[in-house]
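Hi everyone, thanks for coming. I'd like to walk you through a structure that may be new to you, so let's bring it up on the screen.

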Amino acid sequence: MGKIDARPADTLPLKTRLLYGSGTIAFGIKDHGFNALLMLFYNQVVGLPAAWVGSAIMIAMIADALFDPLLGQYSDNVRTRWGRRHPFMYAAALPIALFYLLLWMPPEMARGAQFAWLVATAILVRFSISLYEIPSTALLAEFTSDYDERTKLVAARFFFGVCGGIAMTVVTFGYFLQPTAAQPVGHLNAGGYVTYAWVAAAIMMLSVLISSLGTQKEVLKRPPPPPAVKVPIGRMLREMLGVLVHPAYISILLASLFFAVASGLSLSLSVYFSTYFWELSASQIATVASTAVVGILLAFVVVLPLSARFGKKPAAMLMFGLGLVSSVLPLALRLAGLFPCNGDPLLLWLLMGQFAFYMMTTIAGGILAVSMVADVTDQIQLETGRRSEGLLFSAATMVNKAISGMGIMLAGLLLAFVGFPDNAQPGQVDADALSGLATIYIVTLSVATTIAIICLAYYPISRSRHMENIRRLGEAAAE
């Protein structure tokens, strides 16, 4: 007799959840590279003005905003022997590695040409990531309709994405960006970025291939989707717009967008604050970054109990609010003269605790937000009769990538506004520029997070409403 699987129909085995999540290592490495390193590299190492770097990333994000929904809609209507999503996922692996490598190797040329190089390679990196992330994320709604199981799947994605990014950041600051005789500040060492790029590109390609191959069997076990219906381009665009402006979707999309902007700004300037405001060394920055592991573990400890006790929306609003407090509190206390001075051993411990807590709130809030998008897919199917996972998650993926788009753009604008110098050395930056940067950062972050919480308050799908949607969909399928 064969082994009986006692799991509920909508519960996935742990192995599948892990393989499904492992592909986000590529996204995590790319995201932490864009957030923690890209502005520093192109501004302080290559020598492009901060505003130019921010503008280049914003241009890439706009291009991405046009590409992602079309890719999501297209993948919804593809039918192949490997399923709707996997052909795109397989095709993404090599381009992700190649274009990420080129991003960190700008040739010696004029500033304008280097700006064009940054724009072009950033667009190609983002397109390649989309080719994997959008179809992969869309599998979330196809694998299960269970309210809590979806949160577990999203948690697996966040676990690997955040761990991949943090691990690469720790290794980069701890080993690749070492001081040399020519450059005593390790994280301004140009050669270290080349080593980082090769290692990161290889890991990204492997993670995408492992996840794609590992989830292929699960897709083939499931009933195929209904045959795609060819519709005129005008009608397709109208249907896309109707889905994207659905009230439930708009509320979570806007909330996620503003929270992503806040998170991106925080991560983009974290290295600047660590280097010039707190005057930490590269090894100390790696130590602070390593505490994110504690934050990751805490996020997975709290996210499911919070969701079960209060529901996804209230839990996400709480995480967004606590994330804001933890991000601005050390800077506000330093400006008020109530935080340890630079060089005090207590400073490093406080920054480690603050970063761990911030990562917990950011990850937990992000997990809940993506899981809420999955619940919207059922609501829209109930109202329209169409499954639109690819389209819905394309916009959600674009929002996630806004962390490294609008966040970097805002970081560049803030640095330019306070007159932060290029090629600066720690301890030699004017105190007014540092305090001005901290002040405007606190205000901008507070506004973005508050708007996110307000938008999230309008999200209408509770646990009971979701269960009712699933019941009605089941009845419709039986008929």
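Let's start at Trp104. Setting aside residues up to four places away in sequence, Trp104 touches Gly33, Leu37, Leu38, Phe41, Tyr193, Tyr196 and Ala197. Trp104 also belongs to the largest nonpolar core, which has 141 residues, and is listed with Leu269 and Phe420 as having the most contacts inside it. Helix α13, residues 345–384, gives this core its largest share, 19 residues.

A word on confidence, since this is a predicted model. The chain's mean pLDDT is 82, with 85% of its residues at 70 or more. Please be careful with residues 1–9, though: pLDDT stays under 50 there, and the model has 2 contacts for them beyond four places in sequence.

Now for a pair of helices. How do α12 and α16 run relative to each other? Helix α12 covers residues 312–335 and helix α16 covers residues 431–456; they pack at an angle of about 170°, with axes 10 Å apart. Angles over 145 degrees count as roughly antiparallel, so that is what α12 and α16 are. The residues of this contact divide into 15 nonpolar, 6 polar and 1 charged. Among those taking part are Phe320 and Leu324 from α12, and Tyr441 and Ile442 from α16.

One last stop: Ser212, in helix α7, residues 190–220. Is Ser212 buried or exposed? Its relative accessibility is 0%, so Ser212 counts as buried. Beyond its neighbours within four places in sequence, Ser212 is in contact with His86, Met89, Tyr90 and Tyr132. Ser212 and Tyr90 are 122 residues apart in sequence, yet their C-alpha atoms are 6.5 Å apart in space.

Notes: Residues numbered from 1 in each chain as written. Predicted model: local features only at pLDDT ≥ 70, side-chain atom pairs only at ≥ 80, totals over all residues. Heavy atoms only, no water. Core = buried A, V, L, I, M, F, W, Y, C linked by side-chain atoms within 4.5 Å. Buried < 20%, exposed > 50% of the residue type's maximum accessible area, 1.4 Å probe, protein only. Helix = DSSP H or I, 4+ residues; strand = E, 2+ residues; numbered from the N terminus. Contact = heavy atoms within 4.5 Å. pLDDT = per-residue confidence, 0-100. Axes fitted to C-alpha atoms, helices over the stretch in contact; angles between N-to-C directions. Parallel < 35°, antiparallel > 145°, perpendicular 65-115°, else oblique. Nonpolar A, V, L, I, M, F, W, Y, C, P; charged D, E, K, R; others polar.
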